Amino acid sequence: FNFEGNYDLVKFIKLIAEHGLYVVLRVGPYIEAEWNHGRGLPYWLREIPNITFRSYNEPFKFHMERFVKMIVDMMKKEKLFAPQGGPIIMSQIENEYNNVQLAYKELGVKYIHWAADMAVAQQTGVPWIMCKQKQAPSSVINTCNGRQCGETFTGPNGPNKPSLWTENWTAQYRVFGDPPSQRAAEDIAYAVARFFSKNGTLTNYYM
């Protein structure tokens, strides 16, 4: 793994803290991000024998847990989690798994519960979230991604979970030939007000 130069994660998070901002640490390792090959999964991972990405699969689980522990330990060592005085107020495991979970059938259900338990076991002192995971395990918080979460989010799937908007899409990513898709500031402001009027507690601007 390369954490040097522009990939210096610790330096970047410390810079965020210097500017008085907070961090939602998206550990993933699958983070979407509209990028190639798993959006955060390295190319060499596909060469592991008998591996199935994002499933209750022993080779994938081994490498996923190894990566998560490495990132969490790196953050703990530098005291970057909120209980240590750092800017990291939440961490995320997996991303928008609901989009593909049915394809994995019972292995998808087992995987998402394993991922939640593995994340919480890291004992970071901050909550763990799963974006767009309608039936998130009780130990993690399900959240909304989209443009109009005040209208589309069905809410937390547990009485002790806050209502979080983790990706407030201010624009849409573009592919070749696409027209601009920037949202008007008034539209974003109305959507945010609508979300908070329905017990929303956080919005994170994305793109």
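## Helix α1 and its cover

What covers the buried residues of α1 includes β1 (23–28), α2 (58–77) and β2 (88–93). Cover here rests on contact, that is, heavy atoms within 4.5 Å. Helices (H or I, at least four residues) and strands (E, at least two) are DSSP runs, numbered from the N terminus. This is a predicted model: local features need pLDDT of at least 70, side-chain atom pairs count only at pLDDT 80 or more, and totals for chains, interfaces and linings use all residues. Residues are numbered from 1 along each chain as its sequence is written, and side-chain values use heavy atoms, with hydrogens and water left out.

Helix α1 spans residues 9–18, and its buried residues are V10, I13 and I16. Seen down the axis of α1, these buried residues fall within an arc of 120°, so they line one face of the helix. The arc is taken over the directions from the helix axis to the C-beta atoms. An α-helix has 3.6 residues a turn, so residues three or four places apart point the same way. The face of α1 turned away from the buried side carries exposed residues: K11, F12 and E18. Buried means under 20% relative accessible area and exposed over 50%, with partly exposed in between (1.4 Å probe, protein chains only).

## The ends of α1

D8 stands at the start of α1. One of its side-chain oxygens reaches to within 3.4 Å of the backbone nitrogen of V10. This is a polar contact: a pair of N or O atoms within 3.5 Å, where within protein one must be able to donate a hydrogen and the other to accept it, and residues adjacent in sequence count only if both atoms are side-chain atoms. V10 is also one of the buried residues of α1. After the helix comes G20, with a positive phi near 75°.

## Strand β3 between β2 and β4

Which strands pair with β3? Strand β2 joins β3 through 2 bridges, and the two run parallel. Strand β4 (residues 141–146) joins β3 through 3 bridges, again in parallel. Two strands pair if DSSP finds at least two bridges between them. On the β4 side, I129 stands opposite I141.

Strand β3 covers residues 128–131, and both of its faces are covered. W128 and M130 are buried on one side. I129 and C131 are buried on the other. In a regular strand the side chains alternate between the two faces of the sheet.

## Cysteines

The model has 1 disulfide, defined as a pair of cysteine sulfur atoms within 2.5 Å. C144 and C149 form this disulfide, with their sulfur atoms 2.0 Å apart. The torsion about their S-S bond is about -85°, so the disulfide is left-handed. Both C144 and C149 are buried.

C131 is in no disulfide. Its nearest cysteine sulfur is that of C144, 9.2 Å away. C131 counts as buried, at 1% relative accessibility.

## Salt bridges

How many salt bridges does the model hold? The count comes to 8, each a side-chain nitrogen of Lys or Arg within 4 Å of a carboxyl oxygen of Asp or Glu. One of them joins E151 and R194, whose closest N and O atoms are 2.8 Å apart. E151 lies in helix α5 (residues 149–152) and R194 in helix α6 (residues 185–197), so the pair ties together parts that are 43 residues apart in sequence. E151 is partly exposed at 44% relative accessibility. R194 is partly exposed too, at 30%.

D187 and R183 also meet in a salt bridge (2.9 Å, N to O). D187 is partly exposed, with a relative accessible area of 31%, whereas R183 counts as buried at 11%. R46 and E47 form another of these bridges (3.4 Å, N to O). R46 is partly exposed at 48%, while E47 is exposed at 58%.

## A171 in its loop

Where does A171 sit? Its place is in the loop between β5 (163–169) and α6. Is A171 buried or exposed? With a relative accessible area of 9%, A171 is buried. Leaving aside neighbours within four places in sequence, A171 is in contact with S181, Q182, Y206 and M207. V140 is 31 residues from A171 along the chain, and their C-alpha atoms are separated by 28 Å.
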